[in-house]
Amino acid sequence: GSYTAYNVKGAAVTFTTGDDGTFVAPASDATATIEGNVTTFGFEAKVGNVYYTTFDKALAAVDGNTITVISPVVVAEDTAYDLEGLNVEGDVYPMFRIQNGATVTFEGGNFTNGDYVFTLGEGATDEATSGNLVINGGTYVGETTVANVVKGLLTINGGEFSLSAAYQDNYNFLINCYDATYKNDLANVEIKGGKFHKFNPENNAAEGEGTNFCAAGYGAVET
């Protein structure tokens, strides 16, 4: 099949789609012009100039080492990702949204996003659908926050975490919770390992001065 999209100058550009949900952009200057509108067709990710309706389809097809996320990847069932050796990049909010009570595990990979990498839970109220995330390894670079817990549990056993554009050099929200649900014990973080740039998981200001995100029996040391 084919889709016709229009760039900002009104010129029509035709794209070819495969039966497997792939979306092949034309090799022309128009590609970059209309790329921002691709999400209207329901694509989550691309590999090179081939677009996929889901991140998992892009992951199954990747033949290099980079997947670009072009719209939030919603994970609503228990899933485990081992992305060792892969680069996942994007500029979307958020890169991954975990909800519906799902528990998602990441074992590796290099993630760079121009906004939050993860949000856990849906919406911003106590009634939000929960999401759970376990990070065992990998590198994660967000803009002002790597992971924000609205409702659910974030467990970090390893990995490296940093920010690309901390506002006024403020790294206090590298790992963060939604204030209301954190106060009601509906949003939680348990850190047992990992390296955090300019952020002390045992003593930070994410939820007020002295916030301790380390799990019971764990601490943090400056290196």
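This is a predicted model: local features need pLDDT of at least 70, side-chain atom pairs count only at pLDDT 80 or more; totals for chains, interfaces and linings use all residues.
Two strands count as paired when DSSP finds at least two bridges between them.

Five strands make up an open sheet in the order E8-E11-E14-E17-E20, with parallel pairing. At its edges stand strand E8 (79–81) and strand E20 (187–191); each has a single partner strand, so one side of each is left without a neighbour in the sheet. From one strand to the next, the twist averages 10 degrees.

Strand E8 runs parallel to strand E11 (residues 103–106), and three bridges join the two. Have a look at tyrosine 81 there: opposite this residue stands phenylalanine 106 in E11.

**The salt bridge**

How many salt bridges are there? The count comes to one. The partners are aspartate 169 and lysine 198, whose closest N and O atoms are 3.7 Å apart. Aspartate 169 sits in the loop between strand E18 (160–163) and strand E19 (175–177), while lysine 198 is in the segment after strand E21 (195–196), so the contact ties together parts that are 29 residues apart in sequence.

Are these two residues buried or exposed? Here's how they come out, with exposed meaning over 50% relative accessible area:

| Residue | Relative accessibility | Class |
|---|---|---|
| Aspartate 169 | 52% | exposed |
| Lysine 198 | 61% | exposed |

Aspartate 169 counts as exposed because its 52% is over the 50% cut-off, and lysine 198 counts as exposed because its 61% is over that cut-off too.

Terms used. Residues are numbered from 1 along each chain as its sequence is written. Side-chain values use heavy atoms; hydrogens and water are left out. A salt bridge is a side-chain nitrogen of Lys or Arg within 4 Å of a carboxyl oxygen of Asp or Glu. Helices (H or I, at least four residues) and strands (E, at least two) are DSSP runs, numbered from the N terminus. Buried means under 20% relative accessible area, exposed over 50%, partly exposed in between (1.4 Å probe, protein chains only). Axes are lines fitted to C-alpha atoms, for helices over the stretch in contact, and angles run from 0 to 180 degrees between N-to-C directions.
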